[in-house]
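Hi everyone, thanks for coming. Please have a look at the structure on the screen, and then I'll walk you through a few spots in it.

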Amino acid sequence: MSAFIGNLERPDQYPIWDEPAETLPRAELERLQLERLRDLVVRISRVPFYRDQLNHRDIGPQNIRSLADVRKLPFTTKADMRRQHPLGLLAVPRKSLARIHGSSGTTGKPTFVAYTAKDLETWSTLCARFLVAGGVKPEHTAQVAFGYGLFTGGFGLHYGLERVGTTVIPAAAGNTRRQIEIMRDLAPEVLICTPSYALTIADGARELGIDPRALPIRIGHFGGEPWTEDMRREIEDALDIAAFNNYGLSEVIGPGVSGECPARAGMHIQEDHFLVECLDPESLEPVPEGEPGELVITTLTREAMPMVRYRTRDIARLYREPCACGRTTMRMSRVTGRTDDMLIIRGVNVFPSQIEEALLRVEGTTPHYLIEVSRPATLDEVHVKVEIHPEIFSDRMDRMQTLCERISREIQAVAGIRAHVDLVEPRSIERFVGKAKRVLDKRGVSEQES
Ligand code: DLL
C-alpha cells in the first residue's frame with residue numbers, strides 16, 4: 001500500500017479533528033450522554049407520537065437517572081416513520097428546517113428526514129471527524145462519487161469535506177469513464193463512494209488501458225453498503241490506496257454515525273451524539289458484550305427529527321476496549337447482516353415489497369416472483385423472475401418484450417433500481433408453505449465478520 005497515508009501501524013500519530021470531544025474520558029462522556037438524553041426526553045415531548053408514549057408509560061426526564069434508563073423509552077421503527085409520513089416526527093416548527101433528505105421506504109414512498117441549520121452543522125462535523133481519522137487533510141482534493149439528492153451520501157460527505165477544508169469535486173454517482181477523466185485531470189487524492197463503486201472505477205480504468213494503481217487516489221472512504229475485509233484488500237490492491245469504512249443511516253442522520261481510524265479495528269461510534277445499544281432482535285434485551293446484535297440508535301443532539309431507540313435492523317458487534325488511536329469511543333464491527341429483508345443494490349436500499357408493489361401495477365403479472373441479486377463483476381445485478389397469468393403468457397416475443405419493459409420501468413419508478421425482468425411460465429416459481437423466500441442473494445457480502 002502507498003506510503004502516502006503514513007504509517008497505519010501507528011494510529012496514535014494521526015491527527016484527531018475534534019480532539020476534546022473524541023477523546024473525552026469515559027466517565028465524562030457518559031455524563032454528557034446522560035445530560036443529553038434527559039434533554040432529549042424534554043424535546044421529544046413536543047412530538048405527539050413520542051408524547052403519547054411517554055405519557056402512557058408515565059416517563060419524564062426525572063426517570064432518566066442512568067444511561068441504562070434509555071430502556072424505559074419506546075422504540076421507533078421504519079413503520080412508525082411511515083405512519084408519521086411525511087413529517088409527523090418533527091420536534092421543531094416546519095419553518096426552522098434547513099433541509100430535507102429521504103430514504104427508500106418499504107413502499108414507493110421515501111421516508112423523509114429533516115434537519116435544522118444546527119443539525120447540518122453537527123452532521124458536517126461528524127463527517128469531518130471520520131474523514132480526518134482516515135487521513136484526509138485540508139490540502140487534499142476529494143472526488144465524491146455518491147449520489148447527490150435525497151440520498152444522504154453525497155451532501156453529507158460533501159459538507160464534511162468542506163468542513164475539513166478539503167477541495168471537493170462533486171462528481172456524483174455514475175458515468176465511470178467521466179469519473180476517471182476527472183481523476184486524471186484534477187488529481188484528487190481522496191475518493192468517496194460505495195466500496196463496490198471503487199472496484200468499478202478500477203475495472204473502468206483497466207478497460208480504458210489505464211493502470212488503476214497509477215490513478216492519483218491514495219485514500220478511499222467507503223460506506224453505504226456492506227462489504228468485507230476481502231473486498232477491502234481487493235480495493236486497496238487494485239487502486240493502491242488505504243480504504244476506510246464508514247457507517248450511517250438516513251433516519252439517524254446519514255453518514256457520520258461511525259467511521260474507522262488508522263487502526264481499522266472497528267468503526268468509532270460518535271457517542272457524544274448517538275447512544276447505541278446492541279440488542280437481541282427477538283427478546284430486545286442487550287446481548288452479552290462483543291456478541292452480534294441489532295444496533296438500536298438514539299440521537300442525542302438532533303433537533304429537527306430526533307430518533308428515540310431507532311431499530312436499524314443492522315447486525316453488528318460493539319467493542320468497548322480502548323483503541324490505539326487515543327479515541328475513547330466505543331467501536332462497532334462491520335455490519336454483518338440485517339434482521340429484515342432490505343437489500344442494498346448499488347448503494348440503493350430496496351425492499352422486496354417495493355418490487356411486489358411494482359408488479360401489482362402491471363396487469364397480467366402474479367404475486368409470484370423471485371429476486372436474484374448477484375455481483376458478476378464489481379456491480380450488483382438484479383434479475384426479477386416473474387410469473388405471469390397463463391392467458392398473457394404467449395409465444396409472441398414482441399408482446400412479452402413489451403411486458404418486460406413495462407415491469408422494468410415500474411420497478412425503476414418504485415424502487416429506483418434497474419432490474420432485468422424474466423417472465424416465467426405460470427406455476428414455475430417454487431411455492432412456500434411458510435414464509436415465502438423471495439430473494440436469492442448470491443453476492444456473499446453479509447454474514448461475514450471483519
Ligand atoms: O447509506 C448513509 C451512508 C451514506 C452511510 C454514505 C455511509 C456512506 P441509507 O441509504 O439510509 O443511508 O442506508 C442505511 O445502509 O442501515 C446499513 O444497512 C447500510 N450501510 C450504511 N453504511 C454501511 C457500511 C446511508 N459501512 C443502511 N457497512 C444502513 C454496511 C452499511 N452497511
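This is a predicted model: local features need pLDDT of at least 70, side-chain atom pairs count only at pLDDT 80 or more; totals for chains, interfaces and linings use all residues.

Residues are numbered from 1 along each chain as its sequence is written, and side-chain values use heavy atoms, with hydrogens and water left out.

A quick word on terms: helices (H or I, at least four residues) and strands (E, at least two) are DSSP runs, numbered from the N terminus. Two strands pair if DSSP finds at least two bridges between them.

Now, E11 covers residues 293-299, and E10 pairs with it in the antiparallel sense over six bridges. Both sit in an open sheet of four strands, in the order E10-E11-E12-E15, with antiparallel pairing. Strand E10 (274-279) and strand E15 (337-338) are at the edges with a single partner strand each, so one side of each has no neighbour in the sheet.

Next, the loops. Between helix H4 (78-83) and strand E1 (99-104) you'll find Pro 86, and the peptide bond from His 85 to Pro 86 is cis, with omega near -5 degrees.

Which value does phi take at Arg 427? Phi there is near 65 degrees, positive in a residue other than glycine. Arg 427 lies in the loop between strand E20 (420-424) and strand E21 (439-441). With a relative accessible area of 65%, Arg 427 is exposed (buried means under 20%, exposed over 50%, partly exposed in between, with a 1.4 Å probe and protein chains only).
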